[in-house]
There are 4 protein chains.
Amino acid sequence: MTRKDDSFRHALDAYPVQRTLSIRVCDLDGYGHLNAIRLGHFYEDARASFYRTAFVAVQLPRLLVAQLTIRYLQEAHWPGALRVGTGISRLGSSSVTMVQGLFDEASHCLGLCETVLVNTGGGGSAPIPADARAVFEEYLVRAPVTA
Amino acid sequence: MTRKDDSFRHALDAYPVQRTLSIRVCDLDGYGHLNAIRLGHFYEDARASFYRTAFVAVQLPRLLVAQLTIRYLQEAHWPGALRVGTGISRLGSSSVTMVQGLFDEASHCLGLCETVLVNTGGGGSAPIPADARAVFEEYLVRAPVTA
Amino acid sequence: MTRKDDSFRHALDAYPVQRTLSIRVCDLDGYGHLNAIRLGHFYEDARASFYRTAFVAVQLPRLLVAQLTIRYLQEAHWPGALRVGTGISRLGSSSVTMVQGLFDEASHCLGLCETVLVNTGGGGSAPIPADARAVFEEYLVRAPVTA
Amino acid sequence: MTRKDDSFRHALDAYPVQRTLSIRVCDLDGYGHLNAIRLGHFYEDARASFYRTAFVAVQLPRLLVAQLTIRYLQEAHWPGALRVGTGISRLGSSSVTMVQGLFDEASHCLGLCETVLVNTGGGGSAPIPADARAVFEEYLVRAPVTA
């Protein structure tokens with residue numbers, strides 16, 4: 001995960017698609033913190049929700065998760081809700097990189113996630129069709145240009 | 001679980017404490033239905049939330065789950081939210097029975113749950129203290145009296 | 001769940017199908033005990049495993065869980081493994097009741113589970129086909145006859 | 001995650017600590033594959049198991065997960081078991097990087113995981129004590145030297 005220039009990703013409104021999910025008491029570990037792996041289900045749900053939002057008129061390719069990187073910045077607690085922002089950071093010929101930020105109800109950034117997804121077909125990776133590429137391009141997350 | 005006279009429990013407003021929780025895509029099984037066991041985490045969270053609501057001034061006894069019965073009435077789907085209603089149906093000397101109903105956003109009853117909780121202390125069951133009994137009594141769920 | 005005469009169900013060898021599953025650290029709650037709901041996944045896995053064992057030559061009906069009752073008898077800890085015994089206690093025309101016992105590695109009974117499964121078809125319950133009934137009958141769990 | 005020279009990490013015996021965990025039917029997604037996030041619980045359990053193995057005589061520092069990277073190489077299926085190999089790849093002054101490999105029962109590598117853990121104390125990161133560093137050093141995973 002590139003760390004250099006991603007400070008803009010610590011703000012929820014950097015992400016074109018947003019989703020709110022409630023925390024469950026079973027997400028907590030023995031210290032009363034949200035378990036690191038269970039947090040992954042918040043990002044996972046927001047990815048599925050992104051597909052529903054973005055792929056209405058165009059067929060979603062069959063994407064498999066190739067790599068997942070999660071950064072933990074602050075702890076979260078029960079009860080409450082978390083917000084997840086989702087966008088696209090990079091489009092390769094057969095892969096797409098999704099970036100996500102996790103926020104508490106006061107919009108503090110609790111974590112970041114980067115998922116490399118590969119389009120699959122015929123037993124290996126396959127080019128992402130042009131109409132699906134066009135959809136992903138609409139959701140590109142870009143660092144603001146500073147003078 | 002007594003089935004005779006619990007039809008009033010199919011309405012959300014039969015329960016004194018209510019809670020709304022979002023469904024996550026990971027709650028689904030291979031058929032696109034909410035997994036039966038994962039539904040248990042909705043009831044579990046609503047029990048923990050009930051304790052937070054009810055036991056503000058009085059100390060919560062250390063209750064262990066002795067028996068859990070879940071009835072499945074209708075299927076639920078992602079995305080969306082579920083509402084859980086929670087109340088007390090029976091107070092024994094060392095045990096308390098909690099009853100819950102699960103509802104979709106249109107208030108259709110999807111399921112019912114009954115949890116027998118036992119107060120523990122000194123390696124076995126222990127009487128529920130009087131102040132805690134008084135709290136539980138405030139949340140008793142009763143069938144409406146019909147003329 | 002009938003409590004009267006089921007003491008024979010506290011022994012692993014009362015069940016015709018047995019399965020061993022490892023405990024994961026994420027199964028623990030804040031007290032270092034196995035979480036009550038997550039224990040449900042051990043029973044669920046053993047049901048799926050039962051179907052694989054029993055329904056080799058005969059097609060498995062599409063069974064939905066109608067009611068699930070879990071009793072908690074003793075706590076379990078990580079690390080280690082749990083054994084689940086599975087059998088059939090009752091065959092109705094369109095439903096089947098599965099009984100299960102959960103055991104630690106020293107064969108102490110930690111809990112019991114009873115699942116009422118209903119065969120579904122055409123939008124409602126449907127009779128269990130004769131060949132599937134015959135399979136379930138082979139796995140009936142019966143109390144030993146005492147003189 | 002460095003990709004250059006980690007091919008030696010695709011063999012289970014590259015890792016000093018190994019653990020076997022059974023797959024549960026609830027780990028599967030709608031395609032019959034192991035869910036990407038739930039796979040994270042296999043690595044998590046193996047980390048906890050590593051601490052139990054390595055920190056017998058020396059106190060384990062309070063480590064928090066700062067970053068988690070998981071690579072998915074092959075799909076896995078139920079039923080069966082997975083093996084996780086665990087070792088240390090890097091020791092910083094206040095952080096330690098744990099590397100793990102996930103394998104099926106035929107020792108095919110299904111995935112890799114890298115976890116950056118930070119020692120915490122007094123509200124921020126803290127140096128790892130010398131005795132704990134010495135323990136971690138015993139479990140360093142190194143690429144074999146080739147002539």
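**Figure 1. Side-chain contact of Asn119(C) in the predicted model.** In this predicted model, the side chain of Asn119(C) reaches the backbone oxygen of Pro127(C) at 3.0 Å. Asn119(C) belongs to strand E5 of chain C, which covers residues 109-121. With a relative accessible area of 6%, Asn119(C) is buried, because buried means under 20%.

**Figure 2. The interface of chain A and chain D.** Chain A and chain D each contribute 22 residues to the contact. Between them, the two chains bury about 1800 Å², with 52% of this area on carbon and sulfur atoms. On the side of chain A, Ile37(A), Gln67(A) and Leu68(A) lose the most area to chain D, together 31% of what that side buries. Six residue pairs are in polar contact between chain A and chain D, while zero salt bridges are found across this interface.

**Figure 3. The side of chain A that touches chain D.** Helix H1 (36-54) and strand E2 (63-72) of chain A are the elements that give two or more residues to this side. Strand E2(A) gives the most, with nine residues. By class, this side has nine nonpolar, six polar and seven charged residues.

**Figure 4. Chain C and chain D as two copies.** The same surface serves both copies, as 100% of the contact residues of chain C recur in chain D.

Note on methods. Residues are numbered from 1 along each chain as its sequence is written. Chains are lettered from A and ligands numbered from 1 in the order in which they are written. This is a predicted model: local features need pLDDT of at least 70, side-chain atom pairs count only at pLDDT 80 or more; totals for chains, interfaces and linings use all residues. Side-chain values use heavy atoms; hydrogens and water are left out. Contact means heavy atoms within 4.5 Å. Helices (H or I, at least four residues) and strands (E, at least two) are DSSP runs, numbered from the N terminus. Buried means under 20% relative accessible area, exposed over 50%, partly exposed in between (1.4 Å probe, protein chains only). A polar contact is a pair of N or O atoms within 3.5 Å; within protein, one must be able to donate a hydrogen and the other to accept it, and residues adjacent in sequence count only if both atoms are side-chain atoms. Buried area is the accessible area (1.4 Å probe) that two parts lose on being put together, summed over both. A salt bridge is a side-chain nitrogen of Lys or Arg within 4 Å of a carboxyl oxygen of Asp or Glu. Ala, Val, Leu, Ile, Met, Phe, Trp, Tyr, Cys and Pro count as nonpolar, Asp, Glu, Lys and Arg as charged, and the others, Gly among them, as polar.
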